[in-house]
Amino acid sequence: MHSYNRHQATEALFEAFRNSLQDRGRTALISGPGGSGKTQLLTRFTDFAVASDAMVLRATGTRMESNLSLGVVGQLLRSASLSTDTSERVDRLLNEGSSTVASVGAEMQILNHGHARIFRETCAILVELAKKHPVVIAVDDIQYADEPSLLALLYLQRRIASARIMLVATEWQPMPLMLHPLFLAEFTRQPTFRQIWLGSPSVKDTADLLRSTFVQDIAEATATAFHEASGGSPLLAQSLAADAARELTANPGAPVTPRLDGDNHRYAVVSSLHRWGPPLHPVARALAVLDDHATPTLIAELLGENLNTVQHALTALEATGIVVGERFRHGVYRQAVLEEMPGPVRSSLHLHAARLLDDHGASSLDVAGCLLDVANCLVTPVAPADPWAVQVLHTAAHHALAQSDLYHAAELLEAAHRVSPSEREQATLAAALSRVRSALNPRSVGRLLHPLTSACSTGQLSDRDMATLSGHLLGRGLSSEAAATLGWSTRIHQEADHMTAAELHLTAQWLRYTHPLVNTARSGRAEQGDDPARWITDPVNSTVHDDRRIHYAEQVLQNCVPGHTLIEAVQAAIAIHFYSGRAKHAAEWCRKLVKVARDQGAVEWAATLTAMRADMALRSGDLANADRYARQALTELPAEAWGVGVADPLATLLTALTAMGELGKAEPIAASIMPKGAKETTHWLKFLLARGRYHLAAHRYEVALGDLQTCGALVVSWRVDYPVLFPWRSTLAHVHTRLGQHEQARALLEAQTALPGSHEPWVRGRTLRALAAASEQGKRQVLLREAAELLNDSGDQLELALALADLSNAHDEQNESMKARLMAARAHKVATAVGADALMLRIPPRQILGLSTPEQPATDVSDAIPSQRSVPFTALSDAEQRVAALAASGYSNREIGRKLFITTSTVEQHLTRVYRKLSVKRRRELSLKLAPLLAESPLLV
């Protein structure tokens, strides 16, 4: 079969027309797929014929008029300017024909005398017209013509050999609804006939088409892009060009590119499918509904259609450029087809498709994709969904969560909740939806709280869902409403699976710890054996708890899923690791889970865990990261979305800024107004403690006293008096010391030493530092040296810097200048490393090694002696190193001996060897030689 390009097809029609002018009638049939430009070619030809003084009679076949007898013939005869007599004759003929010809059989094989007379007269009218002017009969989409008209055209074709008549028609090929076989056989076998098959348009053809919209340069430059986007279809290329032209008009100078989502382009696809009708339109709808799962077999099952018909329809659709294989060429085509379907039709198709996919073993996510559209395309479901559909949506939501797709999980749960026929199931779905929504945006959960609270009051929530509701209510400061939901927290969940039991247990402990008033109000008292703060902070294998909590914590962390696992359980698990001497493990879990949460868009998780990272950084004295993480947490989740928990990152940020000396930046944070209910949580205790430190640094001692005393009173009354969590006494002791109230300070610290966890290095180190400040001069050095050692072990570099600074001042008070200066240098170095403000150390400049004083010019140690690496310190034995370090720090031989449990004579022998190896003659030279090394070391040996 020879195919023509557009230029060849046009020339073939012109040639046929010129032959018809020589009293040699001609017929032509233009064949091609939908949207291939058949109509444009026919129009171009008829315009040429009119310009050549021919009379053009036009008709278009349509599906709606395919049963209208002689409908096409009527269009042809009435499209011409006829005389009055001829017009009346045509009307009589058509009126008579509409009843007589209606009896034509489907086989179109035999004509009776009545049929023949009508067709003969019709032919005679056309032949008479051809005597005056050449006549062109143009029928577009002849495949839709009624059978009587087809018979009339066949009758005419056989009688125009010697008339100036040309009959030209267009048909769609390939097409399931082809022309009547007998008509096609008869029409194409006549010697006057010519077949014109339109081939696939080339890029050049597309460029020619674009010239009608754009200037030549643009048409040629963009032809390839438009050709690829349209698949070569002139119909689609023209619609793309129309959208591009509109864009160019709105934005002159903008690049001309095909816009697949343009209005003209989408309309061209949808309107064409409507015009082409069955079976193409239904098959296109089935393709849109089945999407990636579409196969000829499934489409046939979905439509209840013959498989062969479906395959022909797919071939025809592919020829139009809209479809490639069994998929739409572009996703916007599928969306356009879905959107043009009426809601009930679309819902019915999707529901049927869902059952088909389920029957064929598709995954729950794939089946739910169809069900999701059923739920979404109807504002109000006609009837409640059956349990099967709701279960599929719920199961698919679990799979979506497992695949880290929180948005899709929320969409599936929303749909299931909307169509579920069961109140209990709706409550379960609402709780699951609230967990996902909260992870994505905590403020979006508000509308679910009332139905969840109602379901809780009627006993329709599981313990896990009640825990979810409790967290939502307490997080919003609705403590009175939450009190009625906390029954789950006192139950032993032996019937639950291990993961659920661990999750509920940790959640209960965390909520009891963070909201002690609600817990106490429910029970009337707080039980010592079920103390959540102690349960979280006690070290592993303590006398109070075994390692069950570590097992619970690790189980929750290893299996947690953002949007599914209760966030409170995750917070408790990380806190347990942190306070059980596993700080690095806790920090690593935080880092991992923050990344997971951010990747999934779970902003609540990301912000909450980032705030915990900030708190851990602050505990280690890493002020830069504490500041950074706290700001990130408050940026990722706006303050209004935090609820009562906002006090936590604000407290961390306030403490970090205070220690960094940024009191101006800290001031507005200290003045923050807390949301409702925040002052009933332990987050408020952290903020009070942070604000007290801020006022202490700003020398507002009376204000600091008020904040810290309030914090202490609440800590005691709420039974969360654990200095590892809230070291309010040691901070308050510093305030009393500044006010000269040393006895009050010592009393506070003595009370602190009797509390659980008071011997933990971080707590004990802070206690001793505060006690040294309130003690006599002779006792300070011993207390501060022990404090520094403990704080160094705890990892808190900020508190270590403060302890070293205090130790420097203590040495200075005893006129031990070298020791004072070495301690000052170390304190300054540690403080600088963690980003603390050196001024906050309160070290006089004269004490810092390397700074000038009125009595002594500046000594640049690094210039005065070789660098540490060039000093042969490593040549000394371990014993010699210890003796040298102590001697360089100002200790006498006798003091060194007592400290190292050796004789004075042994000390002298070690020093003799040290002097020789280091090439020094006296202790001052030794101090200068080892000063850089000693400054590097945070503690004296």
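Me: Which helices each supply at least two residues of the lining of the second largest pocket?
Reply: The model is predicted, so local features need pLDDT of at least 70 and side-chain atom pairs count only at pLDDT 80 or more, while totals for chains, interfaces and linings use all residues. Residues are numbered from 1 along each chain as its sequence is written, and side-chain values use heavy atoms, leaving out hydrogens and water. A helix is a DSSP run (H or I, at least four residues; a strand is E, at least two), numbered from the N terminus. Those that each give at least two residues to the lining are H28 (567–579), H29 (583–600), H30 (603–619), H31 (623–636), H39 (761–773) and H40 (777–794).

Me: Which helix gives the most to the lining of the second largest pocket?
Reply: The residues of this lining divide into 13 nonpolar, eight polar and 11 charged. Here Ala, Val, Leu, Ile, Met, Phe, Trp, Tyr, Cys and Pro count as nonpolar, Asp, Glu, Lys and Arg as charged, and the others, Gly among them, as polar. With five residues, the helix that gives the most is H29.

Me: Which residues are the closest to the centre of the second largest pocket?
Reply: The second largest pocket holds about 720 Å³ of space. On a 1 Å grid over the protein atoms alone, a pocket is an open set with protein on both sides within 12 Å along at least five of seven lines, a cavity is a set of points where a 1.4 Å probe fits but cannot get out, and lining residues have an atom within 4 Å of a point. Points are joined across faces, edges and corners, and a volume is the space filled by probe spheres set on them. Of the 32 residues that line the second largest pocket, the closest to its centre are Phe578, Gly581, Ala583, Arg619 and Glu760.

Me: Which helix provides the largest share of the lining of the largest cavity?
Reply: The structure holds five cavities of 30 Å³ or more, and the largest cavity has about 90 Å³ of space. Its lining includes Leu57, Phe119, Cys123, Ile137 and Leu156, and H3 (71–78), H5 (113–132) and H6 (147–157) are the elements that give two or more residues to it. By class the lining has 11 nonpolar, one polar and no charged residues. The largest share, four residues, comes from H5.

Me: Is H12 roughly parallel or roughly perpendicular to H14?
Reply: H12 (residues 280–290) and H14 (residues 307–320) have axes 9 Å apart and pack at an angle of about 85 degrees. Axes are lines fitted to C-alpha atoms, for helices over the stretch in contact, and angles run from 0 to 180 degrees between N-to-C directions. Angles under 35 degrees count as roughly parallel, over 145 as roughly antiparallel, 65 to 115 as roughly perpendicular and the rest as oblique. The angle therefore makes H12, relative to H14, roughly perpendicular.

Me: How many nonpolar residues are in the contact of H12 with H14?
Reply: Contact means heavy atoms within 4.5 Å. Leu280, Val283, Ala284 and Leu287 of H12 meet Val310, Ala313, Leu314, Ala316 and Leu317 of H14. No polar and no charged residues take part, and the nonpolar count is nine.

Me: How many polar residues are in the contact of H8 with H9?
Reply: H8 (residues 203–210) and H9 (residues 216–230) have axes that come within 8 Å and cross at roughly 120 degrees, and are therefore oblique to each other. Val203, Thr206, Ala207 and Leu210 in H8 meet Ala219, Thr222, Ala223, Thr224, Phe226 and His227 in H9. The contact has six nonpolar residues and no charged ones, and the polar count is four.

Me: Where is proline 279?
Reply: The peptide bond from proline 278 to proline 279 is cis, with omega near -5 degrees. Proline 279 has its place in the loop between H11 (263–276) and H12.
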